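Please keep the sequence and the structure open while reading.

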Amino acid sequence: MDYIGEHLLPGKLGHFFVILSFAASFVAMIAYFKATRTKDATEEKSWKRLGRFAFFIDAVSVFGVFATIYYIVRAHLFEYNFAWEHSSKALSPKYLLACIWEAQEGSFLLWMMWHCVLGIIIIFRSKKWTAPVMTVISFAQFCLSTMIMGAYVFGLRIGNSPFLLVREKFSDGPIFQRADYLKIPQMQDGQSLNQLLQNYWMVIHPPILFLGFASTIVPFAFAVSGLMKKDFGGWAKSALPWTLFSACVLGTGIMMGAAWAYESLTFGGYWAWDPVENASLVPWLVMVAGLHTLVVYNSTGHSLRSTYLFLILAFILILYSTYLTRSGRLGDTSVHAFVASGMEIQLIIFILVFLFPSIFLYIREYKKIPHIKKEENTYSREFWMFIGALVIFLSSVFVMIATSLPVINQIAGTKWTIGEDVEFAYNRIEIFIAIILGALTAVTQYLKYKDTSKEYFFKKLLWPTVIALVVAILFSVFGGIHYDKYGTGFLAAIHLGLFCAIYAVVANAGYIWSGLNGKFKMAGASIAHVGFGLMLVGILLSSAKKEVLSYNTTGININFDPASKQNPLENITLLKNVETDMGKYWATYLSSDSMDEKSKMTYFKIRFRKKDGTEDFVLYPNWIKNTKGQEGISANPDKRHYWDRDIFSYISAADNSAEGDTAGFKSYPVAIRDTIFYSKGYMVLDSVAVNPDNDKYHFKKDVDTALMAAITVVSRDTIRYHARPLLYVRNNEVHYMPDTVFAQNLALMLGKVSDHNKIELKVKESSNLVPFVALKVYEFPQINVLWIGTIIMIIGFVVSIVRRAKGRLTLNA
């Protein structure tokens, strides 16, 4: 059948680029492997030249695939499943980019693109280690290219093609029996980007995170190259800038994800120990452990064996996290894992083809790896740096085992869980990890490599210790830290953790001054440690002092779905236009408007007025309709930022059914001062104004005829309300503008004017009259300390990278 309106050329071109990338990466891998193995310099040069050419072809092909996909999405070619499933006409250009990496195929492609960039840098800046390192990177490219191939080999599908047509994916669909299927309504627009991903952070967070993922292969490749060439320590200095770079970028990507979660999700924070979060965190922890042991080796010759292990495992754990998040194993435990895509076996093979060779080489060469038999002095920097790296590694093991329980249960036939309170299950362990790392971060910089005089050590640490202790005591006594949800033992651990975090900040800041004489170019590690300490301070304070502001005092409780895990007592019910007591604030639900019809967003206007009169502001939390054919909505928070805290709010429930309420009005002819009774009280017509002129209405005598009634409504408990229904005639058309007393479920409207100085007053009582929202509000004290600490830590990494790679971003020995 010849289908009408299909654009097949982009798909054919894109698939050609995929095949070309597959072939070119294979050639590059073989060429660089041959260059690694040959002893002949001329032959080595020839193989390198071929490898370089093939890798450039691979890079062009990968970027060609990306350009083709973006064209398909941007041109709204919905005959392609990629465009139909992940994009829509309503998306702005920035979200058209985001919808590319929403798809598994797009995220694999993003990974490949970064490999191309890193590989080209290595090719142009390297000498001795080019061939073995590029062998590993080219092999990774070869493996990744199969993930987007979508070809069948002996009846088995290899990867998922981003250029698959909708009619090919749903070949049995009746609509595809029509040649003009693209004209039917279902094919006029796509399923759009997932509603939770329609946030500016998701435009920049995935590219940075995947650069971090991709960069872990470089230290891994160095380590494997050292084992292959039996040059066990020659690669270490060249690998250090790349290890710093990988730890820096991956950490930045993770914290960008935390910022996205804080901006878009409603669990009330930035980290929930979600399995997908953990899957990114664990490789970073192992990479940081490897970074510290690599520094130790370069300075003293110790810890090379552990460095090999950490750098190999960091990359293997990236592959394992890819399996966890893309195999569908975490679908029941994570809010943002990929669904199963039928690639589970291929993902497992992806892990094994890197795991088995690298571990085999490590075990085979283990005894040959240089190792200083003499134990490190306990007053040496390298001893405590190794202890710190070991603590970080053990922390990562705990997190990974807990995250992998769905896989373990499937293999072992068990039903293990970490408990209903997921956050505490992790926090009760990680608080002690924070205590140890905070203390080690504080004191280790004051130790010298190999040996340190005890007198020097304690003298230098005296004032930082005293200052940190005083500051921590002030925070503990006057800081309002009373988090006793899990008992006094956990609260004591929080206070101890706070001291160690402050100690890390003060001691490292002091070391920059006293130990490095203020030379910031030499202080990358200390700056990063100051940032890390501030992050710990921010995490502890914002979590321990997090306060719910929206305790429901109205007596109107919402029956939440148990799956939502919402506590009705922590969600205040706000009736429209009724100012409600909310602790330190008065809160008022003013309106809800669908300001963005294309993206199906509804914004709720909530006014907050502080009782002491110092503040009056409005927040706009919103709801966005779920995409991809799913029913329901997702809530997006809104926040008010202060230098020392955030006010965080979101709508947990809403009822705007009053907008379509059809209950009838009852008519009463009334004169001035007449009284009408209703079920909850009575009302009095105070006056009727002709052509009122005020801030809201401006009528012209010669053009308009308007009447406005002033009505006082008195409830049974003697509370008085005022209503101003309006009737006006313009251009011979009668217009009615009712007024509503939501607190009494009343709507009032003027009707016709009758004889005997009476006017028709229409009254409606309805239980569905009052729109309401349930609002959740948190206060996060000192949360900005976390973000400031993150920025400072990144700056420290950058300073270290520049210092280590000054004059050369190098792979030279």
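## Helix α5

Helix α5 covers residues 104-125, and at 1.5 Å a residue its 22 residues should span 32 Å, which agrees with the 32 Å between its end C-alpha atoms. The expected span is 1.5 Å times one less than the number of residues. Helices here are DSSP runs of H or I with at least four residues, strands are runs of E with at least two, and both are numbered from the N terminus.

Of the 22 residues of α5, 16 are buried, so the helix is largely enclosed by the rest of the structure. Buried means under 20% relative accessible area, exposed over 50%, and partly exposed in between, with a 1.4 Å probe and protein chains only.

## Basis of the model

The model is predicted: local features need pLDDT of at least 70 and side-chain atom pairs count only at pLDDT 80 or more, while totals for chains, interfaces and linings use all residues. Residues are numbered from 1 along each chain as its sequence is written, and side-chain values use heavy atoms, with hydrogens and water left out.

## Helices α9 and α13

Helix α9 (residues 217-229) packs against helix α13 (residues 344-365) at an angle of about 50°, and their axes are 10 Å apart. Axes are lines fitted to C-alpha atoms, for helices over the stretch in contact, and angles run from 0 to 180 degrees between N-to-C directions.

The two helices, α9 and α13, are therefore oblique to each other. Angles under 35 degrees count as roughly parallel, over 145 as roughly antiparallel, 65 to 115 as roughly perpendicular, and the rest as oblique. The crossing of α9 past α13 is left-handed, meaning that the near helix is turned anticlockwise from the far one by less than a right angle.

## A four-stranded sheet

Four strands form an open sheet in the order β13-β22-β21-β20, with antiparallel pairing. At its edges lie β13 (666-670) and β20 (739-741), each of which pairs on one side only. From one strand to the next, the twist averages 30°.

Strand β13 runs antiparallel to β22 (residues 758-765), and five bridges join them. Two strands pair if DSSP finds at least two bridges between them. Tyrosine 668 has leucine 761 in β22 as its bridge partner.

## Cysteines

The structure has zero disulfides, a disulfide being a pair of cysteine sulfur atoms within 2.5 Å. Cysteine 248 counts as buried because its relative accessibility is 8%. Cysteine 500, at 5%, is buried too.

## Overall build

The protein has 20 helices and 23 strands. Its C-alpha trace spans about 115 × 80 × 55 Å along the principal axes. Of its 813 residues, 55% are buried.
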